[in-house]
Amino acid sequence: MSALLLALDGLLSISVVALAWATVTRREPRQAVILFIAFGLLLALVWARLRAPDVALAEAAIGAGLGGALMLAAARRALIQRDAAPSPAPPEEAGR
Amino acid sequence: MKRREAAITALVLVLSVVLAWAFWNAFSGPTGDRLAELTATRVPESGVTNPVTAVLLNFRAYDTLLELAVLLAAILGIWAVGKASPGFLPAGAVLRALVGLIVPLLIIAGGYMLWVGGHAPGGAFQAGALLGAAGVTLRLAGYPAAGLPPEALLRVTIGLGVLIFTLCGVALMALGYGFLTYPLDLAKWLILVIETAATLSIGATLAAAYLGGRADPTDSGDGVTR
């Protein structure tokens, strides 16, 4: 049982760090926000494993859920503005 | 560009060292009475049995009041920046039926979260987040106002948390207690009143923040694009 929990903890730790790295390095805002939401949900699991259910609830509801929704809306606005005024910079990788 | 990246890297390194030092200190420091034990012994005096709520709404109520003020400042900033973004097109029949199911559930879950915060994980912020999520769901389904009241009432709702919180504190001062120092027999009800007001405020603030600005009174809500 404890070996299973240890495996879960290890998997969670690696996934959280990997997702954090992917979120920071992603250039496309919308994809970065989606990765951030996934990161927040896993982080909520980490808090639950640390026996902090209050923080886990807040992270899942506010950090990942509503924070993610707000940032998705912001990313959408940023894209609209960028398309309205094309910048001299070369277009970033496709995938919108 | 290279210099900027180097500067950012240096700042992050410094921050990491400070964090690592704090982390190390927290575990290797003197093993005296920590705050956790102190809180555990004083929870019966707080009017609630959930230690987290006891800290947030009683022992450190001041911090929570300031958090609500931060949210209030944030929404004022969002309103100052500009108009709300244009809404989405009205949803189809299936999504509308689903929304009609989900939104009441979210509201009930929010009320439950608020009440359960007294003795188990939960509380005003989580409950407010659920109410805000109901607003976001409505907005995504094409309701332009996201279920929020007209602006005059919305302003009152958004300020309600800070207002009630401060009024409670000042009233307690007038009665001869300290600012936000609850007498034991009133503590539970004061916390419940403050948390209810805070929940409504947080829910309205988060939903209003999702609109991305002040609702345009001339916008009829039929999906006008800018």
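Hi everyone, let's start with a pair of helices: helix α3 of chain A, residues 53–84, packs against helix α6 of chain B, residues 124–140, at an angle of about 30°, and their axes are 9 Å apart. Keep in mind that this is a predicted model. Angles under 35 degrees count as roughly parallel, so α3(A) and α6(B) are roughly parallel to each other. The crossing of α3(A) past α6(B) is left-handed.

Which residues make the contact? On α3(A), you'll find L57(A), A58(A), A61(A), I62(A), G65(A), L66(A) and A69(A). Facing them from α6(B) are F125(B), Q126(B), A129(B), L130(B), G132(B), A133(B) and V136(B). Sorted by class, the contact between α3(A) and α6(B) has eleven nonpolar residues, three polar ones and no charged ones.

Now the contact between the chains as a whole: chain A gives twelve residues and chain B gives 15. On chain A's side, nine of those touching chain B are nonpolar, one is polar and two are charged.

Next, the core. The largest nonpolar core has 65 residues, and L130(B), A146(B) and I194(B) have the most contacts inside it. Several helices supply at least two core residues each: from chain A, α2 and α3, and from chain B, α3, α4, α5, α6, α7 and α8. The largest share, 14 residues, comes from α8(B).

Last stop, A146(B). Leaving aside residues up to four places away in sequence, A146(B) touches G135(B), V136(B), L138(B), R139(B), A207(B), Y210(B) and L211(B).

Key. Residues are numbered from 1 along each chain as its sequence is written. Chains are lettered from A and ligands numbered from 1 in the order in which they are written. This is a predicted model: local features need pLDDT of at least 70, side-chain atom pairs count only at pLDDT 80 or more; totals for chains, interfaces and linings use all residues. Axes are lines fitted to C-alpha atoms, for helices over the stretch in contact, and angles run from 0 to 180 degrees between N-to-C directions. Helices (H or I, at least four residues) and strands (E, at least two) are DSSP runs, numbered from the N terminus. Angles under 35 degrees count as roughly parallel, over 145 as roughly antiparallel, 65 to 115 as roughly perpendicular and the rest as oblique. A crossing is left-handed if the near helix is turned anticlockwise from the far one by less than a right angle, and right-handed if clockwise. Two residues are in contact if their C-beta atoms, placed from the backbone, lie within 7 Å. Ala, Val, Leu, Ile, Met, Phe, Trp, Tyr, Cys and Pro count as nonpolar, Asp, Glu, Lys and Arg as charged, and the others, Gly among them, as polar. A nonpolar core is a set of buried Ala, Val, Leu, Ile, Met, Phe, Trp, Tyr and Cys residues joined through C-beta atoms within 7 Å. A residue is buried if 20 or more other C-beta atoms lie within 10 Å of its own, exposed if 12 or fewer, and partly exposed in between; C-beta atoms are placed from the backbone.
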